[in-house]
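Hi there,

Here is the structure I promised to pass on.

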Amino acid sequence: MVKYCSTAITFAEVPDEVSLSIQITNCQNRCKGCHSPFVRDDFGKDLEKDLPDLLKRYKEQITCVCF
């Protein structure tokens, strides 16, 4: 199961797009200098279950989805 902890409407991640940014949790990469080390933990909501509702809720405001 893919889990996420937060969403936000963002403007900087993809040029010329308004993105729904979804912060995925349980990251296994352990990148040096990670700006969000808390997402290494296994917590959050089920993205597969919630994604259709998120897309429906924000469809008029976004042009892109970032994970």
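**What I found**

Contact here means heavy atoms within 4.5 Å.

Before going on, a word on the source: this is a predicted model, in which local features need pLDDT of at least 70 and side-chain atom pairs count only at pLDDT 80 or more, while totals for chains, interfaces and linings use all residues. Residues are numbered from 1 along each chain as its sequence is written, and side-chain values use heavy atoms, with hydrogens and water left out.

**Overall layout**

The protein chain has 1 helix and 4 strands, arranged along the sequence as β-β-β-α-β. Helices (H or I, at least four residues) and strands (E, at least two) are DSSP runs, numbered from the N terminus. The C-alpha atoms fill a box of roughly 35 × 30 × 10 Å along the principal axes. Of the 67 residues, 24% count as buried; buried means under 20% relative accessible area, exposed over 50%, and partly exposed in between (1.4 Å probe, protein chains only). Among contacts between residues at least 6 apart in sequence, 50% join residues at least 24 apart.

**The sheet**

The strands form an open sheet of 4 in the order S3-S1-S2-S4, with mixed pairing. Strand S3 (45-46) and strand S4 (64-66) are the edge strands, each pairing on one side only. Two strands pair if DSSP finds at least two bridges between them. Going across the sheet:

- S1 and S3 run antiparallel and are joined by 2 bridges; Lys-3 stands opposite Asp-46 in S3.
- S1 and S2 also run antiparallel, joined by 6 bridges; Ser-6 has Gln-23 in S2 as its bridge partner.
- S2 and S4 pair in the parallel sense over 3 bridges; Ser-19 stands opposite Cys-64 in S4.

Ser-19, in strand S2, is worth a look in your viewer. How buried is Ser-19? Its relative accessible area is 0%. Leaving aside neighbours within four places in sequence, Ser-19 is in contact with Ala-8, Ile-9, Thr-10, Val-14, Ile-62, Cys-64 and Cys-66.

**The helix and the core**

H1 lies across strand S1 (3-10), S2, S3 and S4, and runs at about 15° to S1 (axes are lines fitted to C-alpha atoms, for helices over the stretch in contact, and angles run from 0 to 180 degrees between N-to-C directions). Leu-47, Asp-50, Leu-54 and Tyr-58 are buried in H1. Seen down the axis of H1, these buried residues fall within an arc of 75°, so they line one face of the helix; the arc is that of the directions from the helix axis to the C-beta atoms. The buried residues of H1 pack against S1, S2 and S3, while the face turned away from them carries the exposed residues Glu-48, Lys-49, Asp-53 and Lys-56.

The largest nonpolar core has 7 residues: Tyr-4, Leu-20, Ile-22, Leu-47, Leu-54, Tyr-58 and Ile-62. Strand S2 (19-24) and helix H1 (47-58) are the elements that give two or more residues to this core, and H1 gives the most, with 3 residues. A nonpolar core is a set of buried Ala, Val, Leu, Ile, Met, Phe, Trp, Tyr and Cys residues joined through side-chain atoms within 4.5 Å.

Enjoy exploring!
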